[in-house]
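Dear colleague,

Please find below the structure that I am handing over to you.

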Amino acid sequence: MKKVQIEYDGSMKQKQVTKKVKAKGSTKGYMSERQMVPVKDPKCWEIITIENSILYSPGQRLTKKQVESLCHSARFEVVIGGTGQFTPQRSRY
């Protein structure tokens with residue numbers, strides 16, 4: 001069996017969209033407004049480490065269906081962790 005470590009990142013469920021809105025008294029005639037919009041099929045799972053596989057590579061993001069197929073597969077031993085569980089935060093601050 002091939003070992004796979006996957007991290008879940010919930011911030012990928014939404015993306016930021018910029019919209020143009022009419023503005024009174026503006027020289028451009030419009031203002032830009034940012035909104036967070038949900039993504040239809042988010043890639044919230046990221047592969048951290050994987051052994052002896054050509055199909056997947058570290059850093060690759062997966063959808064829910066891809067993660068479920070990995071978990072049900074007999075070829076892979078999957079370990080799923082939360083954000084930052086397997087990758088250390090290297091921030092100095």
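Among the contacts in the chain between residues at least 6 apart in sequence, 51% join residues at least 24 apart; a contact here means heavy atoms within 4.5 Å.

Please note that this is a predicted model, in which local features need pLDDT of at least 70 and side-chain atom pairs count only at pLDDT 80 or more, while totals for chains, interfaces and linings use all residues. Residues are numbered from 1 along each chain as its sequence is written, and side-chain values use heavy atoms, with hydrogens and water left out.

Overall form

The chain contains 1 helix and 6 strands, in the order β-β-β-β-β-α-β from the N terminus. The radius of gyration is 19 Å, well over the 12 Å that the globule rule gives for 93 residues, so the chain is more spread out than a compact globule. As to the terms, helices (H or I, at least four residues) and strands (E, at least two) are DSSP runs numbered from the N terminus. The radius of gyration is taken over C-alpha atoms, and the globule rule is 2.2 Å times the number of residues to the power 0.38. Along its principal axes, the C-alpha trace spans about 65 × 35 × 20 Å.

Surface and charge

Of the 93 residues, 20% are buried (buried means under 20% relative accessible area, exposed over 50%, and partly exposed in between, with a 1.4 Å probe and protein chains only). The accessible surface of the chain is about 7600 Å², and carbon and sulfur atoms account for 50% of that area. Such areas come from the Shrake-Rupley method with a 1.4 Å probe; for residues, only the protein chains shown count as cover.

There are 18 positive and 8 negative side chains, and the centres of the two sets lie 12 Å apart. Lys and Arg count as positive and Asp and Glu as negative, whereas His and the chain ends are not counted; the place of a charge is NZ of Lys, CZ of Arg, CG of Asp or CD of Glu.

Salt bridges

How many salt bridges does a search of the whole structure find? The search finds 2, a salt bridge being a side-chain nitrogen of Lys or Arg within 4 Å of a carboxyl oxygen of Asp or Glu. One joins the side chains of Asp 9 and Arg 61, at 3.7 Å from N to O. Asp 9 lies in the loop between strand 1 (2-8) and strand 2 (14-22) and Arg 61 in strand 5 (residues 61-62), so this pair ties together parts that are 52 residues apart in sequence. Glu 46 also forms a salt bridge with Arg 61, with the closest N and O atoms 3.3 Å apart. This pair links strand 4 (residues 45-50), which holds Glu 46, to strand 5, which holds Arg 61, across 15 residues. Through shared partners, Asp 9, Glu 46 and Arg 61 form one network. Asp 9 is buried at 19% relative accessibility, whereas Arg 61 is partly exposed at 24%, and Glu 46 is partly exposed at 24%.

Two further residues

Asn 52 is in the loop between strand 4 and strand 5. Its phi is near 50°, a positive value in a residue other than glycine, and Asn 52 is exposed, with a relative accessible area of 70%.

Val 79 is in strand 6 (residues 76-81) and is partly exposed, at 34%. Leaving aside residues up to four places away in sequence, Val 79 touches Val 4, Gln 5, Ile 6 and Phe 86. The C-alpha atoms of Val 79 and Tyr 30 are separated by 49 Å, and these residues are 49 apart along the chain.

Yours sincerely
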